[in-house]
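Thanks for making time this morning.

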Amino acid sequence: MQEQKFSRARRDVLIGGAGALVAASVPGLARAGEAAVAPKPLPAYVAWKDPASLIMHSTSTLETRRAAFGTSVITPSEQLYIRNNLPAPDAAILNDRDNWEIGVEGVRNPRNFTLRELRTLGLETVAMVLQCSGNGRNFFPGKPSGTPWTVGAAGCVVWSGVPVRAVVEALGGTAGGVRFMTGTGGEKLPAGIDPKTVIVERSVPLEAMADALLAWEMNGTPLTLAHGGPLRLIVPGYTGVNNIKYIKRLAFTNAESDARIMSHGYRLTPPGGSGDPSQPSVQEMTIKSWINSPHPESGELRSGQLQVHGVAFGGLHGVKRVEVSVDGGKSWVDARLVGPDLGKYAWRQFALPVKLGPGTHVLASRATDTRGNVQPETRLENQGGYNNTSWADHAVKVQTV
Ligand SMILES: Nc1nc2c(c(=O)[nH]1)N[C@H]1C(S)=C(S)[C@@H](COP(=O)(O)O)O[C@H]1N2
Ligand SMILES: [Mo]
């Protein structure tokens, strides 16, 4: 797994090559109970983002603050998290978007397409939760190596592009015997390292093709470099890593990619072990929710009437129900699902007005998907700190006076 492959310092050196730091001043981030320290400037490729909404773990890992998530379903692009395993390509790749080329293999008539050609083959839009496999890692007591995300390596965004199935149909269908859809990122690989150990290449089961897109737009604007422009593979319901940025090759294959990020990275490895291809791969997301307000940084709140709100999503299935507890999970009350339902791959906002007396309260949320799967109380322990859906881990402790 890349996150364990390089020390953080080594990754920053690699990422630093992507562009010079911006010298511009950045608004202060002082919040309740925290000293005003000058925040580090955002790197050039994300200089357009809102620094006050983000926690910069490194130049390649930016997390949305829990307090920054709003209540109106879509995560603004300026607030969306960032995770790059390799330095983002040179921004010059966006100069001529229409001539970006992708090779399509493992179909009856393999060929290259330009983005200009792809735009003529079909058009679809999907609202989808993009979530890093390691979101919630910081709640693992063993503090696995990798970015210590809490809840903010996720967002709900709208993608627009051509359905992968339309591209495949235009090429006569998939070749016989294929079982996986494999996407390859277009980053320039660092010299002197075996490409397989660093390339971002992931395989998902062929059935994921049904709702997959080759997307050129996010939240209504042409895809930024930071989020994978000019072209990105979108695999709804699958964790972030499967959504290949700057995609340059889409291959229908008999076997999973032998790139290290697939064979050894993102595996559900028993605690203390190391990743290998025999272990389950981190792929589909499952039912999860968390409360965004009140949040752990809310400070002291006034007792009385409060509005609890947060987000819930089901990965491959929609959300049917969200319950909220104000007593650490002893008792539960149904919350209301708020706002438009943007489909099974989007998240739902939930809200519940509650009355709290003075004291300490542990607030938790627990979601159920349309198949009846209930968000579990506990996380599945694993070495990489992946797939944390535990409602207990995501509970928030608040003080009221
Ligand atoms: N080409 C490429 N695609 C990539 C990555 C990458 O480093 N290179 N990172 C993956 C990971 S681990 C995640 S969580 C998401 C992050 O998407 P974002 O930075 O647009 O939020 O992109 C995925 N796709
Ligand atoms: Mo990720």
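Let me start with a pairing: the bridge partner of S325 in strand β21 is A364. Before going on, please keep in mind that this is a predicted model, in which local features need pLDDT of at least 70 and side-chain atom pairs count only at pLDDT 80 or more, while totals for chains, interfaces and linings use all residues. Residues are numbered from 1 along each chain as its sequence is written, chains are lettered from A and ligands numbered from 1 in the order in which they are written, and side-chain values use heavy atoms, with hydrogens and water left out.

Strand β17, residues 319-325, pairs with β21, residues 359-369, in the antiparallel sense over six bridges; strands here are DSSP runs of E of at least two residues, helices are runs of H or I of at least four, both numbered from the N terminus, and two strands pair if DSSP finds at least two bridges between them. β17 is also joined by two bridges to the antiparallel strand β18, residues 333-334, where the partner of E323 is D334. Five of the seven residues of β17 are buried, meaning under 20% relative accessible area with a 1.4 Å probe and protein chains only, as against over 50% for exposed and in between for partly exposed.

Stepping back, the protein has six helices and 22 strands. Of its 401 residues, 54% count as buried, and its C-alpha atoms fill a box of roughly 65 × 50 × 45 Å along the principal axes.
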